[in-house]
Amino acid sequence: MAFLLRTLARQSTCLSRPQLGVFYRHAVPMGTTAKEEMNKFWAKNNKLNRPMSPHITVYQWSVPMMMSITHRVTGVGLSGGISAFALLALVLPGNYPYYLDLIHSLSIGPALLGLAKLGIAFPVSYHTLNGIRHLFWDSGKGFTIPEVYRSGYVVIALSILTSIAAVAYM
Amino acid sequence: MAAIVRISSVCHRGVKLLFYRSALLARPLVGQQKDQDLSYLLTARIHGSSSLCAGSVSKAASLHWTGERVVSVLLLAMGPAAYLFPGPAIDYSLAAALTLHGHWGIGQVLTDYVHGEPKIKMANAGLFLLSTVTFAGLCYFNYNDVGICKAVALLWSK
């Protein structure tokens, strides 16, 4: 009898026995979704007008943190650039070579032209290389802190080198 | 005994596990090690969503995650492909992959920073509109103008 009770107590597999709830060692999915829980959190805290606890103003910045936000900023920037390009393509009357010649005729000078190209090349380069780093993480590799820093420095060095090479030699 | 019979009538899948467990408990010394190994197996079976009483969990989120990675890898491959084989096929593939990657990426940014049901809905609607216009614009450019590959080549030749 005790043997049976122990078996039942240690392994309850059905929700239909709620009195054994305290013995559930293996979790059953909750009644609410993650999204619902998050909305509840924000609704409650906004209603109570609670101030946000300081985070980026007090936490010590680290290379991985800065690389992460740079990845996001370059991503949003590139996406915005592509959307702006697509919008202009739909709205402006002339065709692409016409506008290129127009910009060229403004005689901006090689230094500024190079800088503008760098402004496009570096975000593309950085976002692509750091994206590869992200894909490695997604496969489960490279999570130790030394590896994160090492791969981070490699990404930074390579993106600077490749963007300068793209502007200088192409 | 009666208790086990009752459980079996409600969750027939669980009973086999119960009997397995009780066989283990009858041999405590050997059972210890196997206990730990098997508890993982038992956990895996219990979490299976197919016949569990608690109901199933949607796979939408994990499929979305996988889709994001697949598009990222495809976009990565399109870089060298566009350099080596420029043309309309790559132009349209690039338009699709860039738009989708950007759409999902900004979607994640909105999820992180926008809170409250109505604001989330509005932001996502705006994003959907932006991505649609972006894709339309890129396709228009590919069809009526030089195309993405040629555009990059011309820009860089300045």
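Me: Is L90(A) buried, partly exposed or exposed?
Reply: Please keep in mind that this is a predicted model. L90(A) has a relative accessible area of 36%, so it counts as partly exposed. Buried would require a value under 20%, and exposed a value over 50%.

Me: Which helix is L90(A) found in?
Reply: L90(A) belongs to helix α3 of chain A.

Me: Which residues form the nonpolar patch on the surface?
Reply: The patch is formed by L87(A), L88(A), L90(A), V91(A), L92(A), L130(B) and Y140(B). Together these residues have about 580 Å² of accessible area.

Me: And which helices supply at least two residues each?
Reply: They are α3 of chain A and α6 (117-144) of chain B. The largest share comes from α3(A), with four residues.

Me: Staying with α3 of chain A, how exposed is T74(A)?
Reply: T74(A), which is placed in helix α3 of chain A, has a relative accessibility of 10% and therefore counts as buried.

Me: What is T74(A) in contact with?
Reply: Neighbours within four places in sequence aside, T74(A) is in contact with P123(A), Y126(A) and H127(A).

Me: What about S68(A): buried, partly exposed or exposed?
Reply: S68(A) is also placed in helix α3 of chain A. Its relative accessibility is 43%, so S68(A) counts as partly exposed.

Me: How far is S68(A) from N130(A)?
Reply: Their C-alpha atoms are separated by 8.6 Å, while the two residues are 62 residues apart along the chain.

Me: Changing topic: what does UniProt list for Y113(B)?
Reply: An unreviewed UniProt entry lists Y113(B) under "binding site". The residue is placed in helix α5 (residues 88-113) of chain B.

Me: Is Y113(B) buried or exposed, and what does it touch?
Reply: Y113(B) has a relative accessible area of 54%, so it is exposed. Not counting residues up to four places away in sequence, Y113(B) touches I69(A) and R72(A).

Me: What does the UniProt record give for H101(B)?
Reply: The annotation "binding site", again from an unreviewed entry, covers H101(B). This residue lies in helix α5 of chain B.

Me: How exposed is H101(B), and which residues is it in contact with?
Reply: With a relative accessible area of 29%, H101(B) is partly exposed. Apart from its neighbours within four places in sequence, H101(B) is in contact with H127(A), V71(B), S72(B) and L75(B).

Me: Now a backbone question. What is the phi of N49(A)?
Reply: N49(A) has a positive phi of about 55 degrees, although N49(A) is not a glycine.

Me: Where does N49(A) lie, and is it buried or exposed?
Reply: N49(A) lies in the loop between α2 (34-47) and α3 (63-91) of chain A. Its relative accessibility is 68%, and N49(A) therefore counts as exposed.

Me: Let us turn to the whole of chain A. How many helices and strands are there?
Reply: Chain A comes to six helices and zero strands.

Me: Where does UniProt place the "transmembrane region" feature in chain A?
Reply: The unreviewed entry places the feature at residues 75-96, 108-129 and 150-169.

Me: What does the model show over residues 108-129 and 150-169 of chain A?
Reply: Residues 108-129 are 91% helix and 0% strand, with end C-alpha atoms 30 Å apart. Residues 150-169 are 100% helix and 0% strand, and their end C-alpha atoms lie 28 Å apart.

Me: Last topic, confidence. What is the mean pLDDT of chain B?
Reply: The mean pLDDT of chain B is 79, and 65% of its residues reach 70 or more.

Me: Where does pLDDT stay under 50 in chain B?
Reply: One such stretch is residues 3-26, for which the model has 42 contacts beyond four places in sequence. Another is residues 42-53, with 22 such contacts.

Me: And what are the ipTM and pTM scores?
Reply: The model scores ipTM 0.78 and pTM 0.73.

Key. Residues numbered from 1 in each chain as written. Chains lettered and ligands numbered in written order. Predicted model: local features only at pLDDT ≥ 70, side-chain atom pairs only at ≥ 80, totals over all residues. Heavy atoms only, no water. Buried < 20%, exposed > 50% of the residue type's maximum accessible area, 1.4 Å probe, protein only. UniProt positions renumbered as here; feature names shortened; annotations may be inferred. Contact = heavy atoms within 4.5 Å. Patch = residues over 30% accessible without salt bridge, like charges linked within 9 Å, V, L, I, M, F, W, Y side chains within 5 Å. Areas by Shrake-Rupley, 256 points an atom, 1.4 Å probe, with all protein chains shown as cover. Salt bridge = Lys/Arg side-chain N within 4 Å of Asp/Glu carboxyl O. pLDDT = per-residue confidence, 0-100.
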